[in-house]
Amino acid sequence: MSSARSATSNRIVPAAALQALAPGEQPLSAAARAFNLQLTRVDKLRAQLDELDALGRAHRAERHRWLTPLQQQRRRQMRALALALEGHLQGKALSRLQQETATEALCALAQALAEEGEADMVALHDRHSRQTLAQKKQAAADAMRARLEAALGEPLGRGDEDLSMDELVRAGMARLRAARDEEQARRQAKAQARKARQKAGSRPAEAEAQAADADTQLRTLFRQLASALHPDREPDETERVRKTALMSEANTSYARKDLVTLMQIQLRAELADPAAVSRLADDRLAALTLLLKQQVAGLERERAARQGQLATEFELPPGQVANPNTLRQALLSQVAGLEALVAQLEQDLAAAQHVAALKRWLNRQREAPRPVRADRDPDDYF
């Protein structure tokens, strides 16, 4: 295989390179313009997906740089405070109510640290809690299962099967996503059918024929690629490896009805004339445009899903879309929150060094209680 051919097969061809060109001095037909417009949209959406991937990578590095030192400092202070509280509980200086408050705070701290991977905190928690961490986790998992099953209207797994909290959340969210995707697909199918009826008017058969023609052209294109790229028919080892990679990509693209990538593979493998699409009749271009519209819709769904994943991963407020500005604002807020918590823990640690100061601190916790959610918010006690 020549180096020129290798470079061609590995080069990423933009969708715009597949556009129909006007014949001579004649203007583009309406079908060709519609085809080209969808190709432009494919390029734009793919670029947006790449930008979202790059944004996620960059923001993960930025979060690590800013948050990790603060989180490590917070964990050290929480550990020191938990151990200090245990030391005071072994003495007799605290009243019964103060001992209860100190025990609650200690258990919350130990539980939070245990859930962050500090195994020795499990034993510390269990020495002072009425319920072990294992029992708490099972109770929380049972409550989560009940809520998810109520929302889904069906059981999760077998009734006698003990699933962890993470397994329950994954299973429940997978079911909820599947139900949501099903409903979305039904709505889209209805909308597309309604739009097709409105567009076709009294000619529903024409729309059906166009859809069938689109599927036929996609299948024909894939078969041509499969025939030309079949690696078993290639005696040259280097060329066989190249064709195997291209055939694998073609299989994946055909399963997704990814017309653009199949056409790009044609060009990369030097199996097609770049100008061939310009010679297609308008009815063929219209059929291909139908496939492109479906691909554009899929890319738009993928973009929305990617944005949702980033918003969840980086803890954006509900309704916010992930972009450089919202992610930066969220990070600044998280840094400020951690800095405030670290400063408060520093004060709490100072109070825990002296019995009189500790008593005043515990009394304040008892007099002004906050919502007790020890399994999630240890800072409620500070």
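Leaving aside neighbours within four places in sequence, Ser 253 is in contact (heavy atoms within 4.5 Å) with Asp 258, Thr 261 and Leu 262. This is a predicted model, in which local features need pLDDT of at least 70 and side-chain atom pairs count only at pLDDT 80 or more, while totals for chains, interfaces and linings use all residues. Residues are numbered from 1 along each chain as its sequence is written, and side-chain values use heavy atoms, with hydrogens and water left out.

- Ser 253 is found in helix α8, which covers residues 237-255; helices (H or I, at least four residues) are DSSP runs, numbered from the N terminus.
- Ser 253 counts as buried because its relative accessibility is 1%, where buried means under 20% relative accessible area, exposed over 50% and partly exposed in between, with a 1.4 Å probe and protein chains only.
- Helix α9, made up of residues 259-268, is mostly covered, and ten of its ten residues are buried.
- Among the buried residues of α9 are Thr 261 and Leu 262, both of which are also in contact with Ser 253.
- After α9 comes Glu 270, which has a positive phi, near 55 degrees.

**Salt bridges**

- The structure holds 23 salt bridges, each being a side-chain nitrogen of Lys or Arg within 4 Å of a carboxyl oxygen of Asp or Glu.
- In general, side chains of opposite charge can pair when their charged atoms come close.
- Glu 116 and Arg 75 form a salt bridge in which the closest N and O atoms are 3.3 Å apart. This pair links distant parts of the chain, 41 residues apart, with Glu 116 in the loop between α3 (96-115) and α4 (120-128) and Arg 75 in helix α2 (residues 30-89).
- Glu 116 counts as partly exposed at 36% relative accessibility, and Arg 75 is likewise partly exposed, with a relative accessible area of 23%.
- Arg 79 forms a salt bridge with Asp 120, and the closest N and O atoms of this pair are 2.8 Å apart. Because Arg 79 lies in helix α2 and Asp 120 in helix α4, the pair ties together parts that are 41 residues apart in sequence.
- Arg 79 is partly exposed, with a relative accessible area of 25%, and Asp 120 is partly exposed as well, with a value of 41%.
- Glu 249 forms a salt bridge with Arg 268, the closest N and O atoms lying 3.0 Å apart. Since Glu 249 lies in helix α8 and Arg 268 in helix α9, the pair ties together parts that are 19 residues apart in sequence.
- Glu 249 is partly exposed, with a relative accessible area of 28%, whereas Arg 268 counts as buried at 10% relative accessibility.

**Packing of α3 and α12**

- The axes of α3 and helix α12 (residues 355-367) come within 9 Å and cross at roughly 80 degrees; axes are lines fitted to C-alpha atoms, for helices over the stretch in contact, and angles run from 0 to 180 degrees between N-to-C directions.
- In α3, Leu 97, Gln 98, Glu 100, Thr 101, Ala 102 and Ala 105 meet Lys 359, Trp 361, Leu 362, Asn 363, Gln 365 and Arg 366 in α12.
- The residues of this contact of α3 with α12 divide into five nonpolar, four polar and three charged, where Ala, Val, Leu, Ile, Met, Phe, Trp, Tyr, Cys and Pro count as nonpolar, Asp, Glu, Lys and Arg as charged, and the others, Gly among them, as polar.

How values were computed
Helix = DSSP H or I, 4+ residues; strand = E, 2+ residues; numbered from the N terminus.
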